[in-house]
Amino acid sequence: MHKFILGVFNFLKNLVYLFKLFFIFSTMMLTFYWIQNIIKADWSWLNFIKPFLDGLLNVANSIYSISFTFFGATLEFKYLSAVIILIGLVFLMNLITMGICMLEGLYKSGHFLCKKVEEAAMNKSLQDDMTKIQKQISKYSIVVTTYPKEQNAYSKLAVDMDEQNRIMNKFLMGELNVNPSRLGEGFVYNFNDFEKIDYALDVFFRVLNSKAPVNYSINVQISTNNPVRDKELMEKLVKLKVLGKISMGSDTAYRYEYNQIRRYDTCQIGLFSDGAGTLEMHEFKSSL
């Protein structure tokens, strides 16, 4: 429809331009016709347009019919009136063209605004749909794996990893009221409300910043509602062994952007190869 309307505007402009050319051509022919009548000649090549010129002269004569004789030649001012009418019609065509261009411009502006409003409404609808889809993803897991800190050559203190894991899990279970399950050498804490993940992050950051003689690899993974797939994703994160951070994949970082309340910022750590491809890693950082 839009192309059709633009085509109509182009047709009208072309039509008015043809009228303008016709009126300019008629002015030239009228000049020759006037000269022919002054010198009493008979130019047969003017016969094709003579009916139009005679009709125009009749109209002009009703407007201004004065004539006088000059050196034996009769000068009729109706010819001058007809010329003025034709020139006026040429200017009128210019005005009509300007008017059509203005209307076309207004139409294009209106169409552009309507299109922008339509696109904004569509984008809003798509955003609402995406938000709805993301909000439906509520389950997530946090995997904690501990590693002994490197000891210097003079230290003879042996770290009991089983004891450190027991202390850590006791603290986490008391704070989160969630029992962990094993995943390789680590522990998985499963949660059901991703909107409240900030509270869980508060607790895990306390673990991460503790003075325990171990290093922590803490990874967050949003659920895909496929336990096998979730386990594969968590194992990939653990395998990267990102220490001293609460890290996650891009899917979890993207889901976090849809939380209404976010006390933490997210930033990209880097791109890592997991053997089968590239994994984009992000981390939670305090916004304070």
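1. Arg255 sits in helix H7, residues 250–256; helices here are DSSP runs (H or I) of at least four residues, strands (E) are runs of at least two, and both are numbered from the N terminus. This is a predicted model, where local features need pLDDT of at least 70, side-chain atom pairs count only at pLDDT 80 or more, and totals for chains, interfaces and linings use all residues. Residues are numbered from 1 along each chain as its sequence is written, and side-chain values use heavy atoms, with hydrogens and water left out.

2. Is Arg255 buried or exposed? With a relative accessible area of 1%, Arg255 is buried (under 20%; exposed is over 50%, partly exposed in between, using a 1.4 Å probe and protein chains only). Its side chain makes a polar contact of 3.1 Å with that of Glu195 (N or O atoms within 3.5 Å, one able to donate a hydrogen and the other to accept it; residues adjacent in sequence count only if both atoms are side-chain atoms). Beyond four places in sequence, Arg255 also has contacts that include Gln134, Phe194 and Ile222 (heavy atoms within 4.5 Å).

3. Now the sheet. Its 7 strands run in the order E4-E5-E3-E6-E7-E9-E8, as an open sheet with mixed pairing (two strands pair if DSSP finds at least two bridges between them). E4 and E8 (264–273) are the edge strands, each pairing on one side only. On average, neighbouring strands are turned by 30 degrees against each other, direction ignored.

4. Helix H6 (residues 227–240) packs on this sheet, and the strands it touches include E3, E4 and E6; its direction makes about 150 degrees with that of E6 (axes are lines fitted to C-alpha atoms, for helices over the stretch in contact, and angles run from 0 to 180 degrees between N-to-C directions).

5. E7 (residues 246–249) and E9 (residues 278–286) pair in the antiparallel sense over 3 bridges. Within that pairing, Gly249 stands opposite Met281 in E9.

6. Leu183 belongs to strand E4, residues 181–183, and counts as buried at 11% relative accessibility. Leaving out residues up to four places away in sequence, Leu183 touches Val143, Val188, Lys231, Met234 and Glu235. One to look at on screen: the C-alpha atoms of Leu183 and Asn37 are separated by 111 Å, with the two residues 146 apart along the chain.

7. Last, a helix pair: the axes of H4 (residues 161–176) and H5 (residues 197–208) come within 11 Å and cross at roughly 155 degrees. H4 and H5 are therefore roughly antiparallel (over 145 degrees). Residues meeting there include Phe171 and Leu172 in H4, and Val203 and Phe204 in H5.

Notes: Angles under 35 degrees count as roughly parallel, over 145 as roughly antiparallel, 65 to 115 as roughly perpendicular and the rest as oblique.
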